[in-house]
Amino acid sequence: MSEAQRSAFNALLFRTGDQSKDIVLALATNRPGDLDSAVSDRIDEVLEFPLPGEDERFKLLNLYLDKYIARAGEEKKPSWPSFFRKQQQLLIQIKNLTDDVIREAAVKTEGFSGREIAKLMASVQAAVYGSKECKLDPDLFQEVVDYKVAEHQQRGRLASGGDGSSSG
């Protein structure tokens, strides 16, 4: 722990040692086991937000499909002078991407967090912009989903102590 981190940690412990009406501290982590016992002892209430289920993943995929794909390239009111404005993105054509295809992706992405789903859809957008026709079809969508699912599984194996390589 760096000196700055140690100072911040000590300030946290000092300020949260007693009950107070002046301070409310909210902590968020996806690794609660990593919290120091001095910190976890100061937590009065715990709320757990589980990973999204299949229906929630389906809704998130549609939400980010709209944000990163369907509305990508739309003209937005500029908030900066023109020399700061990004170059206009191409509009993406969506071809035959049905709810069934998206539902299949929702099933495949079991164990994904909302952030991972957002990153997956950003990868779909990048794949579309990297294609010749700037078109999203079921094949390209499924290719990116399968790649990100394999990447997620690899990360899980590495986190559980496996090296991800196959012996043989």
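Analyst: A residue counts as buried under 20% relative accessible area, exposed over 50%, and partly exposed in between (1.4 Å probe, protein chains only). Leu35, at 31% relative accessibility, is therefore partly exposed. This residue is found in the loop between helix 1 (3-15) and helix 2 (37-40).

User: What kind of model is this, and how are its residues numbered?

Analyst: The model is predicted: local features need pLDDT of at least 70 and side-chain atom pairs count only at pLDDT 80 or more, while totals for chains, interfaces and linings use all residues. Residues are numbered from 1 along each chain as its sequence is written, and side-chain values use heavy atoms, with hydrogens and water left out.

User: How many helices and strands does the chain have?

Analyst: Helices (H or I, at least four residues) and strands (E, at least two) are DSSP runs, numbered from the N terminus. By this rule the chain has six helices and two strands. Along the sequence, their order is α-α-α-β-α-α-β-α. The chain comprises 168 residues, of which 23% count as buried.

User: What share of the chain's contacts with a separation of 6 or more joins residues 24 or more positions apart?

Analyst: A contact requires heavy atoms within 4.5 Å. Among the contacts in the chain with a separation of 6 or more, 73% are between residues 24 or more positions apart.

User: How is a pair of aromatic rings described?

Analyst: Such a pair is described by the distance of the centres and the angle of the planes. Rings of Phe, Tyr and Trp (its six-membered ring) pair if their centres lie within 6.5 Å; planes under 30 degrees apart count as stacked, over 60 as edge-to-face and the rest as tilted. The structure holds one aromatic pair. Its members are Tyr64 and Tyr68, which are stacked at 5.7 Å centre to centre, with 15° between the planes.

User: Where do Tyr64 and Tyr68 lie in helix 3, and how far apart are they in turns?

Analyst: An α-helix has 3.6 residues a turn, so residues three or four places apart point the same way. Tyr64 and Tyr68 are four residues apart in helix 3 (residues 54-70), which means that about one helical turn separates them. Tyr64 counts as buried because its relative accessibility is 16%.

User: Which residues of helix 3 are buried, and what covers them?

Analyst: The buried residues are Arg57, Phe58, Leu61, Tyr64, Leu65 and Ile69. Their cover includes strand 1 (93-94), helix 4 (99-108), helix 5 (114-130) and strand 2 (135-136). In helix 5 one finds Gln125, which is buried at a relative accessible area of 16%. Not counting residues up to four places away in sequence, Gln125 touches Tyr68, Ile69, Ala72 and Ile92.

User: Which residue lies over the face of Phe58?

Analyst: A charge sits over a ring if NZ of Lys or CZ of Arg is within 6 Å of the ring centre and within 35 degrees of the ring normal. Here Arg103 lies over the face of Phe58, 3.9 Å from the ring centre.

User: Is Asn96 buried or exposed, and what is its phi?

Analyst: Asn96 is exposed, because its relative accessible area is 64%. Its phi is positive, about 60°, although Asn96 is not a glycine. The residue lies in the loop between strand 1 and helix 4.

User: Where is Cys134 found, and is it buried or exposed?

Analyst: Cys134 is found in the loop between helix 5 and strand 2. With a relative accessible area of 8%, Cys134 is buried. Its phi is also positive, near 55°, in a residue other than glycine.
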